[in-house]
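Here's a quick briefing on the model shown below. Take a look at the fold first, then run through the points by topic.

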Amino acid sequence: MSSDTRRNRVAWELASRKYVDEHQKLLDEARTGTSLHACERELLRPLLASSPTVVHLQSGHGLDDIALVAEGARSVVGVDFSEVATSAAQRRADELAIPCRYVTGELPGAPLRDECAELVYTGKGALIWLADLRAWARDVARLLRPSGHLFVYEAHPMVPLWTWDEDKPRIRADRGYFERCHVNDTFPAHGAVEWQATLGGIVNAVVAAGLEVRHVEEYAEPFWRPEGTFAAAWSGRLPNSFSLVARKS
Ligand SMILES: C[S@@+](CC[C@H](N)C(=O)[O-])C[C@H]1O[C@@H](n2cnc3c(N)ncnc32)[C@H](O)[C@@H]1O
């Protein structure tokens, strides 16, 4: 494990305690099974129609897994390097008797067998923690069965540039679209190193892994609005999230 990954893991172990402290609140939220955004549900509907086995990379609190099962997934295996997060997610799924299993492991290099997934789901703040997206995409291709799909719903790579000013959107003076990384100053904080990739870089990583890109879409709405925060950058003029669907032939 590189020193940056080790530092990020410490930051995520600390931040994921929130999921333990807020167990009851998250359990209530999970019961509704509604954590997927409308744009995700629309793109996932045809992919979930065949009741696929799903692997969720960087599964975090795991609320999306319960929603994926509610929308048709046969089962979900979540992988995350935070043991605090995987334990909290497992406890929640077990209490709700949902077929989700969680594995603690560093990505890329998921400790799962080849071709175990019909759908690999990821996003909502996942890719920014990976220094090598080409290695990540190869891991996704390895996990997918032929005809399986990759689904990504993620922060737009422009997002690190936007200020959270309320009056009008501005570009942060300390950030650049083509920078390699920066230190996270929101969540999980604690000095975590966030990696940057351009949208072209992400798409090309998926293509280089041999997956066929079927759909890419950019959205004005961010996937996450921190409670009590409003930024003019989220008012509809700028890209804040994107989705990508790819298929293994
Ligand atoms: C924003 S969070 C979770 C995203 C998840 N989709 C969700 O909505 O809860 C990002 C997750 O990535 C995990 N993570 C970061 N870097 C990782 C790595 N190299 N290997 C495995 N997990 C990692 C963190 O522990 C954290 O749970």
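Predicted model: local features only at pLDDT ≥ 70, side-chain atom pairs only at ≥ 80, totals over all residues.

**Ligand shell**
- The ligand has 20 residues around it, and the closest are Trp12, Gln58, Gly60, Gly125 and Trp129.
- Helix α1 (residues 3-15) supplies the largest share of that shell, with three residues.
- By type, the shell splits into seven nonpolar, nine polar and four charged residues.

**Annotated domain**
- An unreviewed UniProt entry carries the annotation "domain: Methyltransferase" for residues 55-148.
- That span is 34% helix and 28% strand, and its end C-alpha atoms sit 11 Å apart.

**Strand β4 and its partners**
- Seven of the seven residues of β4 are buried, so the rest of the structure largely encloses this strand.
- On one pairing, β1 and β4 run parallel and are joined by three bridges, with Val55 opposite Val120 in β4.
- β4 also pairs in the parallel sense with β5 (residues 144-155), over six bridges; here Thr122 stands opposite Val152 in β5.
- Getting from β4 to β5, the chain passes through helix α7 (residues 133-143), making a right-handed β-α-β crossover.

**Helix α5**
- Helix α5 (residues 63-70) is mostly covered, with seven of its eight residues buried; among them are Leu63, Asp64 and Asp65.
- The cover over those buried residues includes α3, α6 and the strands β1, β2, β3 and β4.
- After α5 comes Gly72, with a positive phi near 135°.

Definitions and conventions:
Residues numbered from 1 in each chain as written. UniProt positions renumbered as here; feature names shortened; annotations may be inferred. Helix = DSSP H or I, 4+ residues; strand = E, 2+ residues; numbered from the N terminus. Near = placed C-beta within 6 Å. Nonpolar A, V, L, I, M, F, W, Y, C, P; charged D, E, K, R; others polar. Buried ≥ 20, exposed ≤ 12 C-beta atoms within 10 Å, placed from the backbone. Contact = placed C-beta atoms within 7 Å. Pairing = 2+ DSSP bridges. Right-handed = clockwise from strand over helix to strand, strands pointing away.
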